[in-house]
Amino acid sequence: MNSSSMAREGHRQARRAADSKVVSAGARAGFAARGVIYLLVGLLAGQIAFQGDGKQADRGGALQEISGQPFGGILLWVIGIALVGMALWRLSEAAFGAAGPDGDKAMKRVVSGARAVFYAFVAYSVLSFAAGEKGGGGSSDKQSQDITAQALGLPGGQWIVGVAALGVAVAGVVVGARAVMRKYHKHLRMGAMSRRARQFVDVTGVFGGAARGLVFAAAGVFAVMAAVDYDPDEAKGMDDTLRSFADTPAGPWLLVLVAVGLAAFGLFSFANAKWRKV
């Protein structure tokens, strides 16, 4: 067998590994883990809206909440490992293409690669927290400010932060718009759902995706302001971004709406765990 044939055979074996039931199970477990986190963040944000204070409404707050429950330590390990599965699935999409007719497009592979890095980071933070390193459950606000301060200290730091922040804001708008347009249909096995299941998916997918996009877009805007004013303290993580909605003319009711939306996105993630094409 020549080197070219060996390379093709190696690629086929890697492709089969990427399509394996193990990778598929990892992806579905990852969606379920994401659902748990978003559901808890939504509930924590609701507490802030109604109580005026409450615990931090971000991934760190969700991890703290889980750790305080019976068998919470075990659940943290399960969630962290599930997110590793999500990262590996996204990595396989980057390497071999995603499910669907346009899954081999270069841009989709790049996006999958970025998602693999993101979920690997999230998995690491969850597993670190489960192992007793409380930094994994730290405030997203402080993390955002620290990263912004470091970036502003680089040559051309204002431009770096500004461009990155604008990218986050635009990504938030795109996420919300795609949810409203129900672009997620092509990623789900809609034909396998009952009529009520499809209604559930559309309500949680549209509402949840729009709320998630709004949070991302708002966080991006705050980061743009931090770049313009050269002030890292203006950057906000998820917790401060959510709290800022209560300071709008709509008052706490906008925060309530967003909180319910994030919880809905958690439920939508559970639906992905069952019906996603992987």
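Visitor: At roughly what angle do the axes of α6 and helix α7 cross?

Guide: In this predicted model, helix α7 covers residues 157–180. The axes of α6 and α7 come within 7 Å of each other, and they cross at roughly 135 degrees.

Visitor: Which residues of α6 and α7 make the contact, and how many of them are charged?

Guide: From α6 come T148, A151 and L152, and from α7 come G157, Q158 and V161. By class, three residues of this contact are nonpolar and three are polar. The number of charged residues is accordingly given as no charged.

Visitor: Is T148 buried or exposed?

Guide: T148 is placed in helix α6. Apart from neighbours within four places in sequence, T148 is in contact with V161, A226, P232 and A235. Its relative accessible area is 9%, and the limit for this class is under 20%, so T148 is buried.

Visitor: Where does Y230 lie, and what is its accessibility class?

Guide: Y230 is found in the loop between α8 and α9. Leaving aside neighbours within four places in sequence, its contacts are L152, G153 and Q158. The relative accessibility of Y230 is 46%, which lies between the 20% and 50% limits, so Y230 counts as partly exposed.

Visitor: What is the phi value of Y230 near?

Guide: Most residues other than glycine have a negative phi. Y230 is a residue other than glycine, yet its phi is positive. The value is near 55 degrees.

Visitor: What is the phi value of R182 near, and in which loop does R182 lie?

Guide: R182 also counts as partly exposed, at 41% relative accessibility. Its phi is positive although R182 is a residue other than glycine, with a value near 60 degrees. The loop that holds R182 is the one between α7 and α8.

Visitor: Why is helix α9 described as largely enclosed by the rest of the structure?

Guide: Helix α9 consists of eight residues, 238–245. The buried ones are M238, D239, T241, L242, S244 and F245. Helix α9 is largely enclosed because the buried residues number six of the eight.

Visitor: Against which helices do the buried residues of α9 pack?

Guide: The partners come from several parts of the chain, and among them are α2 (21–51) and α6 (140–152).

Visitor: Which residues does L83 touch?

Guide: L83 is one of the residues that touch the most other members of the core. Residues up to four places away in sequence are not counted here. On that basis, L83 touches G30, A33, R34, I37, Y119, V122, A123 and V126.

Visitor: How are α4 and α5 oriented, and what is the hand of their crossing?

Guide: The axes of α4 and α5 are 8 Å apart, and the packing angle is about 165 degrees. Because angles over 145 degrees count as roughly antiparallel, α4 is roughly antiparallel to α5. The residues of their contact comprise 21 nonpolar, three polar and four charged. The crossing of α4 and α5 is left-handed.

Visitor: What separates the C-alpha atoms of A217 and T241?

Guide: A217 belongs to helix α8 and is buried, at 15% relative accessible area. A217 touches A169, G172 and V173, with residues up to four places away in sequence not counted. A217 and T241 are 24 residues apart along the chain, and their C-alpha atoms are separated by 9.8 Å.

Visitor: What is the relative accessible area of N272?

Guide: N272 lies in helix α10. Beyond its neighbours within four places in sequence, N272 is in contact with R28, F31 and L188. N272 is buried, and its relative accessible area is 2%.

Terms used: Residues numbered from 1 in each chain as written. Predicted model: local features only at pLDDT ≥ 70, side-chain atom pairs only at ≥ 80, totals over all residues. Heavy atoms only, no water. Buried < 20%, exposed > 50% of the residue type's maximum accessible area, 1.4 Å probe, protein only. Helix = DSSP H or I, 4+ residues; strand = E, 2+ residues; numbered from the N terminus. Contact = heavy atoms within 4.5 Å. Core = buried A, V, L, I, M, F, W, Y, C linked by side-chain atoms within 4.5 Å. Axes fitted to C-alpha atoms, helices over the stretch in contact; angles between N-to-C directions. Parallel < 35°, antiparallel > 145°, perpendicular 65-115°, else oblique. Left-handed = near helix turned anticlockwise from the far one by under 90°. Nonpolar A, V, L, I, M, F, W, Y, C, P; charged D, E, K, R; others polar.
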